[in-house]
Amino acid sequence: KSFEINTINIPHFSVYENDSPASIAKKAREYWTIKNGPIDNLVELLENNGIVINYININEKEFDGYSCMLENFYFIFINPDMPADRLRFTIAHELGHLIMKNEDTPYPKCDEEANNFASEFLMPEEDIKFELINLNCEKAFYLKPKWKVSMAALIRRAFDLDVITKSRYTSLNVQMSKLGYRKNEPNPIEKEKPTLFQEILMHTLK
């Protein structure tokens, strides 16, 4: 309460108004004037718009992330033990909950909607669809550092955008499993570091 965040600039769009999560993700990118293509630093983008991100170790393997609004502050709490690519997707997922407010009263599809939001927010259809044509594991490996998402997320995105068939999607997932990429993907990306929470903490300790 003793710390003032200068800029809290978060749009809200509702799925209850017949707006799809993908459409809302596009609107969010437009609202924040995000240029086409990959988002270079997701954590920095959200912190610059007043969202407090904190990595917390709670020794709970089932916990990926949680988002909420408290005292007019927006928070995203994340399990830092995840690989950086999965961590970024989880942050985008939680952002979807905050923007759509679809977790205020949880319902069966709210997580699916947040995933759809995250996919479009991190991998816009207009920018990535052409790159996913003829996708295979090798191509996903090289696209991973560009889009800063997992190979698995790229494969799923290709399927959702009808760039690959269901049989090819299944085949690629089988290959990922055989190569051991389900548990440990190659070509890791650097983990983004939040700073806003630390600033708040240091301020309160003065």
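A residue is buried here if its relative accessible area is under 20%, exposed if over 50%, and partly exposed in between (1.4 Å probe, protein chains only). This is a predicted model: local features need pLDDT of at least 70, side-chain atom pairs count only at pLDDT 80 or more, and totals for chains, interfaces and linings use all residues. Residues are numbered from 1 along each chain as its sequence is written, and side-chain values use heavy atoms, with hydrogens and water left out.

**Lys 144**

Lys 144 sits in helix α6. Its relative accessibility is 1%, so Lys 144 counts as buried. The Lys 144 side chain makes a polar contact with the side chain of Glu 185, at 3.0 Å. Such a contact is a pair of N or O atoms within 3.5 Å; within protein, one must be able to donate a hydrogen and the other to accept it, and residues adjacent in sequence count only if both atoms are side-chain atoms. Residues touching Lys 144 (heavy atoms within 4.5 Å) include Asp 85, Met 151 and Pro 186, not counting residues up to four places away in sequence.

**The sheet**

Three strands form an open sheet in the order β1-β3-β2, with mixed pairing. Two strands pair if DSSP finds at least two bridges between them. Helices (H or I, at least four residues) and strands (E, at least two) are DSSP runs, numbered from the N terminus.

| Element | Residues |
|---|---|
| β1 | 51–55 |
| β2 | 65–70 |
| β3 | 73–78 |

β1 and β2 are the edge strands. β2 and β3 pair antiparallel over 6 bridges. Met 69 stands opposite Tyr 74 in β3. Helix α3 (residues 84–100) packs on the sheet and touches β1, β2 and β3.

Notes
Axes fitted to C-alpha atoms, helices over the stretch in contact; angles between N-to-C directions.
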